[in-house]
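Work through the exercises below with the model open beside you. Try each task before reading its solution.

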Amino acid sequence: MSTEAVETPIHYPFPWTPPMEIPGALRGLREKAVVTVTLPSGDKALLVTRYNDVRSLFADHRLSRNIARPDIARVSKDNDLFMDPKIDPDPPHHTKVRGLVTRAFTARRVEALRPVAWEIANDLMDKMEAGEKPCNLNEAFAFPLPIRVICKLLGVPAEDMPKFRALVDGFLSISKLPPEEVAASRMGLWKYLDDLIQSKRRDPGEDLISGLIQVSDEDNNRLNEHELGFWTQGLLIAGYVTTASQIGTGTAVLLHNRQMVKEIQADWSLLPTAVEELIRCQIMGSSVGTMRYAVEDITLEDGSVIPTGSSVLLSEESANMDETVFPEPFTIDIRRKENHHMTFGAGLHYCVGAALARMEIQVATEGLLRRFPDIRLAVPGEELPRGLGGFMEGFTDIPVTW
Amino acid sequence: MRVEASNDTCAVGSLCVYRAPGVFDQDDDGHVLVLQPNPPAEMHEAIRWAARSCPTKSIKVYEDE
């Protein structure tokens, strides 16, 4: 038996206890530059903990993004999210594919969508006002808003949203749903997207999916049929669940810290830094999605070595709590200006939707705090349930009143 | 101050456009454009902030030029 087996295993993702606080496991974690963690599947991976290492490894080509390998750690035995042997997520091929979608996410395109996001937010808040109090902020506002924005951008018909949402929610479950239900959701989602692509091919619009179909039809080497489906699915999932969870859970954290709400309402120019700070605190998830595979030995800043063949997780939440980079990292500071956090990653895989997400979260937060000046949690913040077991660990039920 | 940005490494994070508008812009694909390579003094602080923010470190600022 190796000496390592004697040590207490560190389970990852880290538990949220109490649910309103940043996981205690993140305190002191950076004493070691890399720690071995045990995933829900039972597999082990190396978790990189320090800001400088995380930031440089996000841009390091010796870590492959291709996780369709027999010897890589699995987050869950039942979920194969983004594990597709027919997809090459590394440069140089991926850089070309990525270039096809970045044009839809420029600052100019995002700002053109800001009035659309306001329109959707206002519509949802009208419905909240007309409905019963308290209501679940996730259901009434946080989840419908980003799905309507991303569906508009991609060209998904409004009437398909409930069906699409149910499929995504099932697919993203790691351990809370039985494996056969996860598999059924996965199949259902592929079928849905396949049908959508076929209908767009017959009847193209001005949306991103239609644009990608055109590229694929013109030159199969740039984007083949399978990649078209895979990346459409990736954009839909990434554009929906992450932003939704951040809006709901970020708002809950703000409402729990009433003083911050009052400060923002007294000075709206604080809103962008407040939103950015809540994104830094990464209150709704872990870094299981950063899984990479070392194709060479990699030496970290302090001399620690990640051996070839390791499964590697780049801990965004630990980097974001690095005391050498962020003064008082465990304090939520809505005025923090030097806030170059790792929640959206770094390097060539930097979140393509980051500007879109920021815009939506800004609109959502400002909208709620302006329309409902007295908005508050209807239960104590410490009692809000978290969605453990899924890729998204934000609060699942956020009763609010005003 | 002189400002350069690398189109090859730019990952279209868009932060520079938000933090120093008028100095940085994007082409149709989203890659960074430097509109003012020798920006006026009042923009310098915003440009340094934008450069520190860049997720791919694609912005180079030469202070003495």
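A residue counts as buried if 20 or more other C-beta atoms lie within 10 Å of its own, and as exposed if 12 or fewer do. The model used here is predicted.

**Exercise 1. Strand 3 of chain A**

Task: Find how many residues of strand 3 of chain A are buried, and which strands pair with strand 3.

Solution: 
- Step 1. Strand 2 (residues 34-38) of chain A pairs with strand 3 in the antiparallel sense, over 5 bridges. Within this pairing, V34(A) has V48(A) as its bridge partner.
- Step 2. Strands 2 and 3 of chain A form a hairpin with 5 residues between them. In its turn, G42(A) has a positive phi of about 95 degrees.
- Step 3. Strand 9 (residues 311-314) of chain A pairs with strand 3 in the parallel sense, over 3 bridges. Here L47(A) has L313(A) as its bridge partner.

**Exercise 2. Two helices of chain A**

Task: Determine how helix 7 and helix 8 of chain A are oriented to each other, and which residues meet.

Solution: 
- Step 1. The axes of helix 7 (residues 179-202) and helix 8 (residues 208-218) of chain A come within 10 Å and cross at roughly 75 degrees.
- Step 2. Angles of 65 to 115 degrees count as roughly perpendicular. Helix 7 and helix 8 of chain A are therefore roughly perpendicular to each other.
- Step 3. From helix 7 come I197(A), K200(A) and R201(A); they meet I209(A), S210(A) and I213(A) of helix 8.
- Step 4. By class, this contact has 3 nonpolar, 1 polar and 2 charged residues.

**Exercise 3. Where the chains touch**

Task: State how many residues each chain gives to the contact, and which helix of chain A gives the most.

Solution: 
- Step 1. Chain A gives 18 residues and chain B gives 14 residues.
- Step 2. On the side of chain A, the elements giving two or more residues are helix 2 (93-102), helix 3 (107-130) and helix 13 (354-371).
- Step 3. Helix 3 of chain A gives the most, with 3 residues.
- Step 4. The chain A side divides into 11 nonpolar, 5 polar and 2 charged residues.

**Exercise 4. The form of chain B**

Task: Give the order of elements in chain B, and compare its radius of gyration with that of a compact globule.

Solution: 
- Step 1. Chain B has 2 helices and 4 strands, and from the N terminus on they run β-α-β-β-α-β.
- Step 2. A compact globule of 65 residues would have a radius of gyration near 11 Å; chain B has 10 Å, which agrees.
- Step 3. Buried residues make up 40% of the 65 residues in chain B.

Notes:
Residues are numbered from 1 along each chain as its sequence is written. Chains are lettered from A and ligands numbered from 1 in the order in which they are written. This is a predicted model: local features need pLDDT of at least 70, side-chain atom pairs count only at pLDDT 80 or more; totals for chains, interfaces and linings use all residues. Axes are lines fitted to C-alpha atoms, for helices over the stretch in contact, and angles run from 0 to 180 degrees between N-to-C directions. Angles under 35 degrees count as roughly parallel, over 145 as roughly antiparallel, 65 to 115 as roughly perpendicular and the rest as oblique. Two residues are in contact if their C-beta atoms, placed from the backbone, lie within 7 Å. Ala, Val, Leu, Ile, Met, Phe, Trp, Tyr, Cys and Pro count as nonpolar, Asp, Glu, Lys and Arg as charged, and the others, Gly among them, as polar. Two strands pair if DSSP finds at least two bridges between them. The radius of gyration is taken over C-alpha atoms; the globule rule is 2.2 Å times the number of residues to the power 0.38.
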